[in-house]
Amino acid sequence: MKHLLSTADLTREEAIAILDIAEEMRESSTRAIKKLPALRGRTVVNLFFEDSTRTRISFEAAAKRLSADVINFSAKGSSVSKGESLKDTAQTLLAIGADAVVIRHPDSGAPARLAATDWIGLPIVNAGDGTHEHPTQALLDAFTLRRQVALRDGTSPAGRGLDGLKVAIVGDILHSRVARSNLWLLNTLGAEVTMVAPPTLLPFGAGSWPCAISYDLDAVIASGVDALMMLRVQGERMNAAYFPNPREYSRYWGLDDARLAQLDASGAETLIMHPGPMNRGLEISSAAADSPRSTVLDQVTNGVAVRMASLYMLLSGDLI
Amino acid sequence: MNYLIQQASILGGEPVDVLIADGKIAQLGSIAAAGDAQVIDARNLVLLPGLVDTHTHLREPGREDAETVETGSQAAARGGYTAVHAMANSTPVADTAGVVEQVYELGRKAGWVDVRPVGAVTVGLAGKQLSEIGAMADSRAQVKMFSDDGICVWDPLLMRRALEYVKAFDGVIAQHAQEPRLTEGAQMNEGEVSAILGMPGWPAVAEESIIARDVLLAEHVGARLHVCHVSTAGSVEIIRWAKARGIQVTAEVTPHHLLLTDEKVRTYDPVFKVNPPLRREEDVMALRAGVADGTIDVIGTDHAPHPSEAKDCEWGAAAMGMTGLETALSIVQHTLVDTGLMGWAGVARITSQVPAQIGRVADQGRPIAIGEPANLVLVDPAARWIVDPAAMATKGRNSPFAGMELPGSVRATFFHGHATVLDGQLATPRTANA
């Protein structure tokens, strides 16, 4: 693995290897001394062209727990706002002595471009590019699912995929890099995916995706799913006529109290997942977010472990 | 200099000798070498009328870092062209007689091809007010084609008025068909690939809805409409329908839309970023069929050179457009001739005769006959070459065909009897008073 750009690039073996290493990383983070010496002397740059607190902190924690040095570069207040190109910014970081670049960028494909050009020649981790992909989010979602299922079944998660699991991804699929990364990874790991959204928030062309598509959240819940991944609905969508108003969105596609009650009544063990940050009361009710089904905080914890595994595999030279 | 072209295959026919003297075709047939005429061995070469581009961006005035009239017209000569239509989106915009005369003069002084300026339909391409179409038509530049290319004349009433108004000057409106609201932020064709790549899509319907509206407007007011860079199968169908109704519409396709698809965008290499975007394989095939059956009239390169920094960046920050003048004939051969869809007479029709008619360009796109102006190109259809943007005459290095092996090479170009290209290399310009 030279870069981590898209979950579509991962084979099943590679994906499972990352998850297995992440298990070990998570184990280590429960010890009193959380730090591992694996990347001592290496420098990881977090190159963030978009506001993001959670993902940046998660990557920062991951790199630091592996004893790497971390440089945080955010577009705000940097020379990017003065019109510096991605190429110049990246080459500046190379000159400073970076060993790997974790990049978040508002343009789909910017990390792939950084990896494909001769600009820097460093390992690139895509930390979210436009509406394209967010592979470490999908990996941490898969990790969380796998761990929860193993817990439920009383087995070990190691070496396993997500075979036969039914997962519904609900919400703004059109603009979601999380949805795309999850689509490919869940398929690779053997899960069945259903995308649930209003038709306006599904991409034209999604018909060719390896998943089912539904406009009816109640029907999908009633059909029985192992996990509901609720996606954040961004404020600007409401002004762009994707749906009439937030109330109507919640009524049809939100995981509200009524749907939570329906889940509880059915006896299903459905997990409730959300990549955060949540809009409580819009795509997810407070009761749903705080219910025992919710894995939201677990996802955050697992995110660090998965990012440790990703950085470790890219930088330790331990290629799979 | 006079030239005796020996054993050239005119439009792919039987070999004959062609004598070029004093800028005209002086003799055809079996001609003995005599006196001062330079002999050119044209065995196995095809002789075509000099190519006429309906759609070129020469960037001057304003963006001389991207291209100048000089370098752009050198690229044109290298590609076998003897005339190009220079689009109006320069800085300042070609919306006055002053600017079109400047471009025309720069072309005349450069001496590589006829540079025919296109006038803007609206002042500053702003889509609000008609530019001085009459003044441009009556200027030394003799503008006949008007276009806001790069931007759609979106306002239906303004488009109607433009179509009506140019009738007074035997002009034509060349429309960049792109519904603006449907393409806000668009980065590539809207389809299966854009869904995977997470890129804002440019749907086919945004082109087709404008073409449908415009052919109906052209019918209603009895005016000439030219549709720039048709890119979708649906557009071909609408134009086919319009022609069957007798509407005065002509249509253009670019070489890149005849070959490349949106699959190329998976690389996220902005050299493939263009407007209208690369479409699906089905569209490519429908466009080729449309050219073959006459629905699409002409090849227009939409040659759009950019400085390297405009492409050496991430996709979203990159400029739209690709170079095309020096690869056009090869792509036409590759996609239309070598596939059996048309012969060389057809190539002459779509690259020279009809483009000259649309732009009302005198002395271009003429038959290869005695007494006609010697605007000619000699092509070696058996040659194969690897596209190297660094070796091109254009300043633009943004060729989407870089590294591809293509058939057909331009051996010589004659511009009013003057060899602008000889032995496949740029020769000399024709001096303005020659």
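Modeller: Axes here are lines fitted to C-alpha atoms, for helices over the stretch in contact, and angles run from 0 to 180 degrees between N-to-C directions. This is a predicted model, in which local features need pLDDT of at least 70 and side-chain atom pairs count only at pLDDT 80 or more, while totals for chains, interfaces and linings use all residues. Residues are numbered from 1 along each chain as its sequence is written, whereas chains are lettered from A and ligands numbered from 1 in the order in which they are written.

Biologist: What angle does helix 6 of chain B make with strand 13 of chain B, and which strands does this helix lie across?

Modeller: Helix 6 (residues 204-221) of chain B runs at about 165 degrees to strand 13 (225-227) of chain B, and it lies across that strand as well as strand 10 and strand 14 (249-253) of chain B. Helices (H or I, at least four residues) and strands (E, at least two) are DSSP runs, numbered from the N terminus. By that count chain B has ten helices and 19 strands.

Biologist: What makes strand 9 and strand 15 of chain B edge strands?

Modeller: Strands pair if DSSP finds at least two bridges between them, and strand 9 (145-146) and strand 15 (298-299) of chain B each pair on one side only. They belong to an open sheet of five strands in chain B, with the order 9-10-13-14-15 and parallel pairing.

Biologist: How do you know that the size of chain B agrees with that of a compact globule?

Modeller: The radius of gyration is taken over C-alpha atoms, and the globule rule is 2.2 Å times the number of residues to the power 0.38. For 434 residues a compact globule would have a value near 22 Å, and chain B has 20 Å, which agrees. The C-alpha atoms of chain B fill a box of roughly 65 × 45 × 45 Å along the principal axes.

Biologist: Why is Val361(B) called buried?

Modeller: A residue is buried if 20 or more other C-beta atoms, placed from the backbone, lie within 10 Å of its own, exposed if 12 or fewer, and partly exposed in between. Val361(B) has 24 such neighbours inside 10 Å, and therefore counts as buried, although it lies in the loop between helix 10 (344-359) and strand 16 of chain B. Across chain B, buried residues make up 60% of the 434 residues.

Biologist: Which residues is Val361(B) in contact with, leaving aside its neighbours within four places in sequence?

Modeller: Contact requires that the C-beta atoms of two residues, placed from the backbone, lie within 7 Å. For Val361(B) the partners are Val52(B), Ala83(B), Asp114(B), Arg116(B) and Ala356(B). Pro200(B), 161 residues away along the chain, has its C-alpha atom separated by 39 Å from that of Val361(B).

Biologist: What divides chain B, and how many residues does the contact take from each domain?

Modeller: An automatic or database domain assignment supplies the bounds, giving domain 1 (3-46 + 371-433) and domain 2 (50-359) of chain B. The contact takes 33 residues from domain 1 of chain B and 43 from domain 2 of chain B. On the domain 1 side, strand 17 (405-415) of chain B gives the largest share, seven residues.

Biologist: Which classes make up that side of domain 1 of chain B?

Modeller: It divides into 20 nonpolar, ten polar and three charged residues, where Ala, Val, Leu, Ile, Met, Phe, Trp, Tyr, Cys and Pro count as nonpolar, Asp, Glu, Lys and Arg as charged, and the others, Gly among them, as polar.

Biologist: How many residues of chain B are in contact with chain A?

Modeller: There are 18 residues of chain B in contact with 22 residues of chain A, and helix 5 (residues 192-197) of chain B gives the largest share of the chain B side, four residues. That side has eight nonpolar, six polar and four charged residues.

Biologist: How do you know that chain A is as compact as a globular protein of its length?

Modeller: Chain A has twelve helices and nine strands. Its radius of gyration is 19 Å, close to the 20 Å that the globule rule gives for 320 residues, so chain A is as compact as a globular protein of that length. Buried residues make up 50% of those 320 residues.
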